[in-house]
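These are my notes from going through a model with the sequence beside it. I wrote down what I looked up, in the order I looked it up.

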Amino acid sequence: MAGSGELTAGAVALQRFGLGPKPGQGEVFRAQIREKLLAEIAAGGVAQPAGVPFSGTVEIGKALFAFEDQEKREREARRIASATHAQASQQGSPQAMEMVGAAPQAQPAGPQNQMAPAKPPNEPALPYRTYRDEVKSRVDLALAAETGFSERLVMFWSNHFCIGATKSTIGRIMAGAYEREAIRPHVFGRFEDMLIAAESHPAMLDFLDNRQSIGPNSPAGRRQGRGLNENLAREIMELHTLGVSGGYSQGDVTNLARILTGWTMAGRDGRLGFPGSFIFNPGQHEPGVTPLLGRDYAQPDLAQGVAALTDLARQPATAHFIATKLVRHFVADDPTPPLVEALAATFRDSGGDLGAVYRALIGNDAAWMAPATKIRSPQEFMLASYRALGRKPDFGQIIGPVGVMGQPFWQPSGPNGYADSNAAWGSAEGLKTRVDVAAGWGRQAAGSVADPRVLADDILGPLLSPETKQAVARAESKPQAIALLLMSPEFQRR
Amino acid sequence: MMAPHDDDDCERMTPSRRAVLGAAGALFAWSFVPKFAYAAAGARDPRFVLVILRGALDGLSAVPPIGDPDYAGLREGIALAKDGPDAALSLDGFFYLHPAMPNLARLYKQGQATIVHAAATGYRERSHFDGQDVLESGQPGTGHTQSGWLNRLLASLPAGEGVSRKGVLGVGVVPPLVVRGDAPVLGWAPPRMARAGSDLTMRLADLYGQRDPALARALAEAIETEGVAQRRGMAGEQKGGGGPDTADGMRRIAEGAAGLVGADDGPRIAALAFEGWDTHANEGGAKGRLANLLGGLDGAFAAFEQGLAPVWKDTVVMVATEFGRTAAVNGTVGTDHGTGTVAFLVGGGVKGGRVVADWPGLKPEQLYQNRDLKPTTDIRAVAKGVVSELFGLSGPVLAEKVFPETGGLRPVQGLVV
């Protein structure tokens, strides 16, 4: 039998390391959470979302290029139709290709075109449709997960190696596939494998512009007079591995950009590989030996970049940077040095074995006993709320709330990802927006939650304060009682 | 509804809720200090809005030095021209303005806009996030993110005066670092969904008051701002629309901020951020990606001018970005992270119609590290000059509290009417 102190720690841990309990889970899980978390690490794999529209980037590339060709043909047909039949031009819309970042809109009813696919009215275009289905599948997975620990790790790494769904059509259509292909397979694996998978994914190469970066002395560089784009190289060192104070120079940034030239995406012609897939294009690669952080990289072609990334993954600064971010995410905004050092040492000693690093976190009492100060991120809040309420949201009920709260899926405002601090999520306006969102959820769930007082006991257990218990009991309505539960300090903080 | 026996509890709820309203009022109690202390200062009732452009604005495209013989050669594919279709707008025959910014050109001609060129903070690396932290924290280096310089500015003003009693407004669901700190922060974002009822909000304020001081304070501040917005008739406005990296989003954010800052009982100081300025590839020239963003910023200037019309003569809108971009175009018809760039001062309170620049030139040896526009004016000196004239802060306070360790950095004089 677990004592009351352990049960409280278990209740915090359910929220701190997981996505919060579902109805009926709390009592059992609070006593067993540490064993369950360690079992997830031992299992060593992350589930993949079911029901996604495309299995991978190769299929997506094919579909995307077909879609773009179709759009082009339709635009051309409209142009010809409007030139020959003045009255027909009123139906055409020039906006078809401007939907990358926009909410879905009804497709224009274009002139008859026998190539046009059968598409129901009000259905968004392929890139947004794909994004929608990917978001829905990954949320379904997080709601179904037992503790949610693995899904939290997916969210952490997806944010660490973030891409943006609004930069381009490729980003929009590949955002979900990127997480499935580059992040999920490596969450319990080795850091360097995830690093290489992320930096070589077409979505990343598009997001941070490496697709077009060309070695000035490569055949393509000499022919076209184009050159380097150092965006990806800088963010790899600043955001993905060493950290901004990790000891690299502007020269290192430029040299890593040289090393990574040729890492690109196969075009629609399929000349170098399946359209839409990652390829190494030797014709764009800067030839020769290139130094980085005091070492010379003389490997040919792709091997040069792989060697450089592998070495970056093994730098002590990388171990420290990753350990700091993990502790900040799971435990406290201001990570305590001993806990960070314990994780960093495990990272270094294990060669970046992420399962070992998580075991060092879960096995350390400091990670359990820290007070629950961190405010759940909007995505965590959304997932924890729907889990607690036992609801299966549709896409609009997912994307609407996280959008207004400032954390839509795969759309951070920059390559540093979403913030991970109370200063960001606990602001006045942010909190007020949460109240609005919780009020909506209270109205939605009022029919299915039998008694909010029972639910509060079930979900929060020993964390439920007398004040929150009383506020829920005295609410003027069931929707209000549910909103008060979701907005209570003990539900908001973990 | 809950079970009937709760009705009794509902009745007893009332005094406690009153108590919370009292507590929320107490937080802002000093906002009812009479105005005479402020009036005695005899100055204007100034407004200051800081617009942060996240991603590093290319100052050489926003305000191209077309008169510099080296400009066009560095910028093949994106250079602007002084004549032809889509010609840049002339400022002084050396500096021009991007053609997507006709409002700014007009304000400049009316003497209500000043452009500061070859400017930067003290930060000399090229990380966006550190660069923004330095710009917003007002600290000499990285690693200080506890508070922002606008918050410390407010905290340095005498309590109870017209400016300090209103708090500082941070626009957005996530407020920018520059407004964070000990002084009261008001939050506002363009409304995108139905607001919760005030009864739920008050009950939460009650609960937080008993259990969680930090959440209680944040909610009290949100309630205060919502009150100002409602009194300004901003409650029922259009929902949805683009984000802070679209022209539509920038205009709506500017309209909202102007509505609050222009209110008699609203904040006098605000900060907001527009995004999307990191133009590594296909930046565009007179048309294209950067042009669209600059057009959005130009629309925001018009929205500020309109929304703040009654107080425009006492208003300064300052636009700043974390650093500039490379002088030369990169391999992908864009520009990489650089150093020197532009800042804008716009408003009826600006002594405008000028480009303030100690122009370093664009020859390779004149560039910073042979690569970037060399910064010759410190943005902090500009900010110090503006806020010292607007709010009457002394040099030592500015150099120690607001912008620490800038005793050797003289405020730029004569920027304000």
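Which residue of E7(B) stands opposite B:Leu50? I looked it up and found B:Ala271 in that place. I note here that the model is a predicted one.

**Entry 1: strand E1 of chain B**

I followed E1(B), which covers residues 47–53. It is joined to E7(B), residues 269–274, by 6 bridges, and the two run parallel. I then checked E8(B), residues 315–321, and counted 7 bridges to E1(B), again in a parallel arrangement. In that pairing B:Ile52 stands opposite B:Ala320.

Next I asked how many residues of E1(B) are buried. The answer is 7 of 7. In a regular strand the side chains alternate between the two faces of the sheet.

**Entry 2**

I moved on to E9(B), residues 341–346, and found 6 of its 6 residues buried. E8(B) and E9(B) are joined by 3 bridges and run antiparallel. Here B:Val319 stands opposite B:Phe344. E9(B) is also joined to E4(B), by 5 bridges, and this pair is antiparallel as well. The bridge partner of B:Ala119 is B:Thr341 in E9(B).

**Entry 3: B:Met318 and the core**

I looked up which residues touch the most other members of the largest nonpolar core. That core has 270 residues, and the ones named are A:Leu343, B:Leu219, B:Ala257 and B:Met318. I picked B:Met318 and left out residues up to four places away in sequence. Its contacts are then B:Leu50, B:Val51, B:Ala343, B:Leu345, B:Ala383 and B:Val386. In soluble globular proteins, nonpolar side chains tend to be buried together.

**Entry 4: two alanines with positive phi**

I checked phi for residues other than glycine. B:Ala56 has a positive phi of about 80°. It lies in the loop between E1(B) and helix H3(B), residues 59–62. Is B:Ala56 buried or exposed? It is buried, because 25 other C-beta atoms lie within 10 Å, and 20 or more are enough for that label.

B:Ala118 also has a positive phi, near 55°. This residue lies in strand E4(B), residues 113–120. B:Ala118 counts as buried because it has 24 C-beta neighbours inside 10 Å.

**Entry 5: chain B as a whole**

I wrote down 13 helices and 11 strands for chain B. The chain has 417 residues, and buried residues make up 58% of them. I also looked at contacts with a separation of 6 or more in chain B, and 74% of these join residues 24 or more positions apart.

**Entry 6: where chain A meets chain B**

The contact takes 51 residues from chain A and 55 residues from chain B. On the side of chain A, the elements that give two or more residues are helices H10, H19, H20, H22 and H23. Which helix gives the largest share? I found that H20(A) does, with 9 residues. By class, this side of chain A has 20 nonpolar, 19 polar and 12 charged residues.

**Entry 7: domains of chain A**

The domain assignment gives chain A domain 1 (208–271 + 296–313), domain 2 (316–369) and domain 3 (375–492). The centres of domain 2 and domain 3, taken over C-alpha atoms, are separated by 28 Å.

Definitions and conventions. Residues numbered from 1 in each chain as written. Chains lettered and ligands numbered in written order. Predicted model: local features only at pLDDT ≥ 70, side-chain atom pairs only at ≥ 80, totals over all residues. Buried ≥ 20, exposed ≤ 12 C-beta atoms within 10 Å, placed from the backbone. Helix = DSSP H or I, 4+ residues; strand = E, 2+ residues; numbered from the N terminus. Pairing = 2+ DSSP bridges. Contact = placed C-beta atoms within 7 Å. Nonpolar A, V, L, I, M, F, W, Y, C, P; charged D, E, K, R; others polar. Domains from an automatic or database assignment. Core = buried A, V, L, I, M, F, W, Y, C linked by C-beta atoms within 7 Å.
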